[in-house]
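What follows is a walk through a structure, from one chain as a whole to the contact between chains and then to single elements. Please keep the sequence and the model open while reading.

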Amino acid sequence: MSFNRLCWEDVSEGDSIPKISLKLTRDRMVMIICGTRDIFPLHHDDEFARSMGYKAAAAPIAFLQGLLERCLTDWTGPTGKIRRISLTLMAPNYQGDTINVAGKVTRKYADSDNHKVDCELTVTKQDGTVSARAQAVVTIPTRG
Amino acid sequence: MEASELPAELQKYIGRMSGFVEGPDEVNKAMIRHWCEMVEDANPLYIDERYAESSEYGGIISPPAMQSTWVYPRWWPPVEMPSDVGPAQLDLPLENVPIPAVISLTEEYLLPMRPGDRIRYRTKLDNISPLKKTRTGEGYFITTTNYYYNQRDELVGTSQYVLFRYRIR
């Protein structure tokens, strides 16, 4: 496999972070439990989820965290380091939904020992519903 | 009750720090791969042994957001979790607002976690809001921070949760 190797010199404020998409098939819902170990019934039991005000079982936050990480390091490549992610949840993600993550660079700066970018990411569903908004801080190596 | 006041019986919990809880398994490649399968994350630091060995880390590392998975309690044999650890804060006297909903989460990642590391954590109860009415229901916003450490007592990361404990109006 080949990977991006994004360098700090090549990033500008306003740059787009390419979109990734994943469909929440039933298999995926099971893989999410395997990946996160989160068996809280909200994530697999429709009846329980409805008793909590949801339409059906909903994917856990850790799934979104994994998707946000992937969106960022697909873009930077493995030499980008995620330092911080802050996310606000806005709508649940149900089986059958297609989840998209995309973003942009909002700030580029250097502090004492790192070259950093601030990013804004938006998680949307197939109908445009915003599922979550996130801000991230990523360090990116300089060229050479 | 006025929206601006927090009952003294809740106020007294603010600032408390739980004891430590250790994850059931050490950081390991199999669980890292299961996480990567979940979101189809091809970052070679997580799943490509050869690439990872040639990297600055000298081997596979864990996706940073797995910090909460490393301390997720085992499913069997049954294990009793202290009620003051994690965002749920189950021992708070909030029987009248039974439904928990995570509103936001902020994580900081300070050090890499590697296969063989043992992750443990403790939770600080940062704040409880006064009773609030929202579109969803009425209840309290509870802010907690998990602090994750490795076996060398190094802080590897933090997660700050804002959870709404509410009842449907």
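Chain B contains five helices and six strands. Their order along the sequence is α-β-α-α-α-α-β-β-β-β-β. The model is a predicted one. Along the principal axes, the C-alpha atoms of chain B occupy a box of roughly 60 × 30 × 30 Å. Chain B has 169 residues, of which 34% count as buried. If one takes the contacts in chain B between residues at least 6 apart in sequence, 71% of them join residues at least 24 apart.

The next topic is the contact between the chains. Chain B gives 29 residues to the contact, and chain A gives 31 residues. On the side of chain B that touches chain A, at least two residues each come from α2 (29-39), α3 (44-47), α5 (67-70) and β2 (99-109) of chain B. The largest share of this side is that of β2(B), with nine residues. Sorted by class, the side of chain B that touches chain A consists of 17 nonpolar, seven polar and five charged residues.

How does β2(B) pair with chain A? Strand β2 of chain A, residues 81-89, runs antiparallel to β2(B), and five bridges join the two. Two of the pairs can be located by residue: A:Ile85 is opposite B:Glu107 in β2(B), and A:Leu87 is opposite B:Leu105 in β2(B).

A:Ile85 has A:Ala136 as its bridge partner in β5(A), while A:Leu89 has A:Ala132 as its bridge partner in β5(A). β5(A) in turn pairs with strand β4 of chain A, residues 115-125, over nine bridges in the antiparallel sense. Within this pairing, A:Thr122 is opposite A:Arg133 in β5(A). Four residues lie between β4(A) and β5(A), which form a hairpin. In its turn, A:Gly128 has a positive phi of about 95 degrees.

In α2(B), the buried residues are B:Met31, B:Ile32, B:Trp35, B:Cys36, B:Met38 and B:Val39. These residues lie on the same side of α2(B), because they cover an arc of only 150 degrees around its axis. What do the buried residues of α2(B) pack against? In chain A they meet β1 (16-23), α1 (26-36) and α3, and in chain B they meet α3 and α5. After α2(B) comes B:Glu40, which has a positive phi, near 55 degrees.

One of the partners of that buried side, α3 of chain A, can be checked for its geometry. Helix α3(A) covers residues 61-76, and its 16 residues should span 22 Å at 1.5 Å a residue; the end C-alpha atoms are 23 Å apart, which agrees. α3(A) is mostly covered, with 16 of its 16 residues buried. A:Gly77, which follows α3(A), has a positive phi, near 85 degrees.

B:Lys124 belongs to strand β3 of chain B, residues 120-128. Leaving aside residues up to four places away in sequence, B:Lys124 touches B:Met17, B:Thr144 and B:Thr145. From B:Lys124 to B:Glu22 there are 102 residues in sequence and 16 Å in space, taken C-alpha to C-alpha.

Notes. Residues numbered from 1 in each chain as written. Chains lettered and ligands numbered in written order. Predicted model: local features only at pLDDT ≥ 70, side-chain atom pairs only at ≥ 80, totals over all residues. Expected span 1.5 Å × (residues − 1). Buried ≥ 20, exposed ≤ 12 C-beta atoms within 10 Å, placed from the backbone. Contact = placed C-beta atoms within 7 Å. Nonpolar A, V, L, I, M, F, W, Y, C, P; charged D, E, K, R; others polar. Pairing = 2+ DSSP bridges. Arc of directions from axis to C-beta.
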